[in-house]
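These are my notebook entries on a structure that I looked up. I kept them in the order in which I worked.

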Amino acid sequence: GTWFAGNGILQGKRVLVTAGGTIERLDPVRFLTNDSSGKMGFAVAEAAKRMGADVTLVAGRSSETPPAGIKVIRTASAADMLDAVMREFPDTDIVVKAAAVADYRPATVHEQKVKKTGEKLVLELERTTDILAALGERKTHQLLVGFAAETENVERYALDKLKRKNCDLIVANDVSKEGVGFNGDTNAVDVYGPEGLVSSLPLMSKRETASRLMELITDRLSSRGG
Ligand code: CTP
Ligand code: CA
């Protein structure tokens with residue numbers, strides 16, 4: 001592969017990447033989160049940097065070390081991530097939304113620790129804002145790349161997300177497969193555009209997936225004259 005190759009093909013382009021999981025607080029000592037490691041998004045940021053882009057990484061929960069030479073904004077909740085992304089969006093050319101954003105958050109955030117009472121506790125959750133869909137509504141010149149984590153009907157669900165969120169590309173992973181998705185060092189993805197399957201990237205390291213993905217994105221950008 002050519003994943004290690006650096007070149008200036010994205011010189012002068014601004015790339016915004018989100019990565020990692022969100023944290024939705026319940027009380028001062030508890031929160032809801034997910035299994036995302038942030039590895040995929042951090043690798044995308046690194047690949048974009050290596051290709052010469054001006055990179056901003058909005059990073060949720062992740063223990064990865066950000067690559068040198070990029071701007072990093074740390075966020076906790078989906079609402080924090082939305083704020084950060086909205087601020088950066090107007091000046092961005094490419095957005096890659098690899099973060100695993102919570103779909104729901106506790107409807108009530110308790111100021112004091114919740115004490116145990118009965119044998120059962122029912123938590124009420126409310127929907128968060130869909131950041132990718134919000135970007136899709138507001139995009140002007142930006143190339144918008146979303147992810148889709150699925151366990152079945154990958155193609156149908158991925159194309160549905162692409163349409164619904166007004167994305168230019170969707171990176172779908174079948175997280176029911178061995179070695180794919182959330183918390184490992186490898187990934188296998190199918191990339192879809194409005195016309196259907198663009199590329200199938202077989203099982204490889206997330207760093208290599210990230211490089212191949214950034215190459216596909218760059219091709220799209222140049223083919224529309226950007
Ligand atoms: N996403 C987002 N904001 C949310 C939820 C998801 O920006 N509140 C983004 C993710 O970053 C990802 C894409 O939407 O790029 C798809 O996320 P995914 O969880 O696969 O899809 P959902 O639309 O949330 O649908 P579901 O979880 O029901 O499959
Ligand atoms: Ca979701």
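I took buried to mean under 20% relative accessible area, exposed over 50%, and partly exposed in between, with a 1.4 Å probe and protein chains only. Strands (E, at least two residues) and helices (H or I, at least four) are DSSP runs numbered from the N terminus.

The model is predicted, and local features need pLDDT of at least 70, side-chain atom pairs count only at pLDDT 80 or more, while totals for chains, interfaces and linings use all residues. Residues are numbered from 1 along each chain as its sequence is written, chains are lettered from A and ligands numbered from 1 in the order in which they are written, and side-chain values use heavy atoms, with hydrogens and water left out.

Entry on strand β6. I looked up both faces of β6 (residues 94-97): I94 and V96 are buried on one side, and V95 and K97 are buried on the other. I then looked up its pairing, for which DSSP must find at least two bridges between two strands. Strand β1 (residues 14-19) runs parallel to β6 and is joined to it by 4 bridges; T18 has K97 as its bridge partner in β6. Strand β9 (residues 143-150) is also parallel to β6, again with 4 bridges, and L144 of β9 stands opposite V95.

Entry on the cores. A nonpolar core is a set of buried Ala, Val, Leu, Ile, Met, Phe, Trp, Tyr and Cys residues joined through side-chain atoms within 4.5 Å. The largest has 35 residues, and V17, V44, L57, I94, V96, M214 and I217 touch the most other members. Helix α1 (residues 39-50) gives the largest share of this core, 7 residues. Another core, of 23 residues, lies apart from it and includes V95, L135, L144 and I170.

Entry on K165. I found K165 in the loop between α4 (154-164) and β10 (169-174). K165 counts as buried because its relative accessibility is 13%. With neighbours within four places in sequence left aside, K165 is in contact (heavy atoms within 4.5 Å) with D130, L132, A133, G136 and L144.

D103 lies in the loop between β6 and β7 (104-106).
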